[in-house]
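Please keep the sequence and the structure at hand while reading.

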Amino acid sequence: MNVRYFFATLLFCSIYLVSSAQTHGHCGTDALWEQTLGESPEARRQFALQEAQYRNWVRTNVSSSGARTTITIPVVAHLIQYSAFESISDARVQSQIDVLNEDFGLMAADTSAIPAEFRPLAANTEIQFCLATIDPNGCPTDGIVRVVAPDLADHDTGQSGQMKALSYWPADRYLNMWVPATIDGGILGYATFPFNLQTNPAEDGVVINARFFGRGNGIAPSSYALGRTGTHEVGHWLGLFHTFQGGCSGMNASNCDTGGDRVCDTPPTANSNFGCPGTQNTCNESPQDLNDMTVNFMDYGDDACLLMYSFGQKDRMDFFLNGVRSVIWSPANLTATGCDGTPAPGCQPIARIGAEKTVVCAGDSIVFTDLSTGPPTSLSWDFPSANPGTATQSTVTVAFPQTGTYQVGLTATNSIGSASDSLAILVVDPMMPPVSEGFEAASLPLGWSVFDEDQAGTWELAATGSAGQQSIVVRNYILREEGTQDDLTSLPFDLSWATDARLTFDRAYKRRDAFSPDSLKVLISTDCGANWELLWIRGGFGLASTPGLAIPAEFVPTAAQWVTDTIDLSAYIGQSSCQLRFECIGANGQSLYLDQINLDATIVGRGDPTGTAADLRIVPNPAVQAPEIRFELARADQVQWQVQDLRGKVRWQSGSTKLAQGRHMWRFTAVEWENLSPGMYLISLTGQTGRVSKKLIKR
């Protein structure tokens, strides 16, 4: 943990404990309940109907204090993470299920600490919980879904619907347990009540701040490290109110099931309790005046001091389990979710191709990996114009000898069915300089690629630039995982005909604070991306293009906050398969922008400083009509024209023509010009003594 996070954690803990005590923000269920009833007439109607049915049920049925068959509830945990490297383990998820089973089953080791006056009221609710082993499609599962969503992992309760929509299983069949990395406002968790299953099933379930999820996770303050936030919120999901609901109301036998927490054996309590308050009596109920049940799971005490549910609470939970929540624990659903031990019947595969890269030089290889789920029992790969052309293995190394764009295909099959996936692979011949990229298109330039190590977001186009309207940015400001890598890799280029070469690029960055050392590296490969060599590195102060700190908002540069960097590439003259990589190592600092990435070189023939053409000009450029291409030969030569697109594909090539020394002019015919789509091209003139190239833009 870096120094900034250490102090931030201390500050959070201090603010959290103070604000919780002052605002009762410990649990967000009440606020959600009040908002839902205030906004939805149907929710109000369903809530009133269920409460009326509950009063009738509890007054006419024998208490469930007697033993009955244990109810099992299937659970799915949706982990909403900042990145793919989030540290919520499978074991931590299981520990939360273990805590629920202990607490609802009155099996926790600390039940011996229940005060003597409440021990006769402490109930084994005979409710247990199981991580589902079969998902809604019949596929095998461990009951855990991991979703990378940095914006929603930092969770505001106002975004509840958006977060839950990221991952949801049918709420009548699974208890959806969403676990964002944090919840704003000092909230440990919140839940929906049973009536939500009928009025808004897509949001039915519990939400638990990851800091307080599971037992002994080493993140939560010790007061809330035993996983009982989950116990509390699942109590709400099963219909329970806080024991301090309504303060001193529901004070006698005639109204205890209509006032307060609607449970008659939990004494009314004036206010929520924090810490371990011990014996106290804040309400004078009748006919028997009892002390406050501060050890009840539905109060706000420390985890170590919350110890029990009552038999009256068990009755209330049973009412909802036998009504609106009856499907979830039915024998048919336990079979469908695997909680009775039934193996998954299987499902149609979901095909997915993994590739180490998607841009490659002609003749080079790519390693492909099957990432399909289902699982498939057989695979069929298709590699057009490649070697091999087909394969059935899960991992395949494939060589692409010819330039072009190829759709690699994968079909995954099992006994249930089959599915297919495809991936575009770009095979290029390295471009001759100049290479110029200002990121003004609607998408990433063809031939450029990005790598997102933590799957939380990477280089993307930004609506600001040093010269034009756009640039490219990596948003370290919102990417929370420290030390992860995001790469921007150029298309391949050829320096074999260069006598000098240089890279220039514009950079904009402002530090967030002294403890967030984002860094940028520039690397070069001379073997089309197989190996890389460091050219340039900046971090912290050295990376900043403008002084000062940018906090609390994300940095967006003005025109004056850009700098231009230059890197000499003369050491790489003669290399024919080069690539550049801009590698950002994020530290949750500020957003970093790049623009106007230009590779310039003087192109002449090897060993002949005068080369084929002493001068090559395209007039006009950019061009709408066919331009004139003017050049001067230092000596008589046998020459040939070639037009390449940015993928390296040859779009047009002339025959070989012998020309005399001196000035010449050439232009496209009307048909040749018409056959070129608008875009950027490389015009090359090759002779016996060398080659010269220029960039042409057709509008």
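## A residue in a strand

R630 is part of strand β29, which covers residues 628-633. The model in view is a predicted one, and in it R630 has a relative accessibility of 31%, so it counts as partly exposed, a class that lies between the cut-offs of 20% and 50%. Between R630 and W178 there are 452 residues in sequence, and their C-alpha atoms are 66 Å apart in space.

## Helix α2 and its packing on α3

Helix α2 takes in residues 29-39, and T29 is found in this helix. Is T29 buried or exposed? T29 is buried, since its relative accessible area is 0%. Leaving out residues up to four places away in sequence, T29 touches G189, Y190, A191, F193, E233 and H236.

Two packed helices are described by the angle between their axes together with the distance between those axes. For α2 and α3 the angle is about 115 degrees, and the axes are 5 Å apart. That angle makes α2 roughly perpendicular to α3. On the side of α2 the contact is made by W33, T36, L37, G38 and E39, while α3 contributes P41, A43, R44 and F47.

## Helix α3 against helix α9

Helix α3, residues 41-60, also packs with helix α9, residues 311-321, and here the two axes come within 10 Å and cross at roughly 120 degrees. The two helices, α3 and α9, are therefore oblique to each other, and their crossing is right-handed. Which residues bring α3 and α9 together? From α3 they are Q50, E51, Q53, Y54 and W57, which meet D315, R316, D318, F319 and F320 of α9. The residues of the contact of α3 with α9 divide into four that are nonpolar, two that are polar and four that are charged.

The buried residues of α9 are F311, G312, Q313, K314, D315, R316, M317, D318, F319, F320 and L321. The elements that cover them include the helices α3 and α4 as well as the strands β1 (71-81) and β2 (127-131).

## Helix α4

Within α4, the buried residues are R92, V93, S95, Q96, I97, V99, L100, N101, D103 and F104. After α4 comes L106, a residue whose phi is positive, near 55 degrees.

## A buried residue in a loop

T546 lies in a loop, the one between β24 (533-539) and β25 (563-568). With a relative accessibility of 12%, T546 counts as buried, because that value is under 20%. When its neighbours within four places in sequence are left aside, T546 is in contact with Y509, K510, F555 and Q561.

Technical notes:
Residues numbered from 1 in each chain as written. Predicted model: local features only at pLDDT ≥ 70, side-chain atom pairs only at ≥ 80, totals over all residues. Heavy atoms only, no water. Buried < 20%, exposed > 50% of the residue type's maximum accessible area, 1.4 Å probe, protein only. Helix = DSSP H or I, 4+ residues; strand = E, 2+ residues; numbered from the N terminus. Axes fitted to C-alpha atoms, helices over the stretch in contact; angles between N-to-C directions. Parallel < 35°, antiparallel > 145°, perpendicular 65-115°, else oblique. Left-handed = near helix turned anticlockwise from the far one by under 90°. Contact = heavy atoms within 4.5 Å. Nonpolar A, V, L, I, M, F, W, Y, C, P; charged D, E, K, R; others polar.
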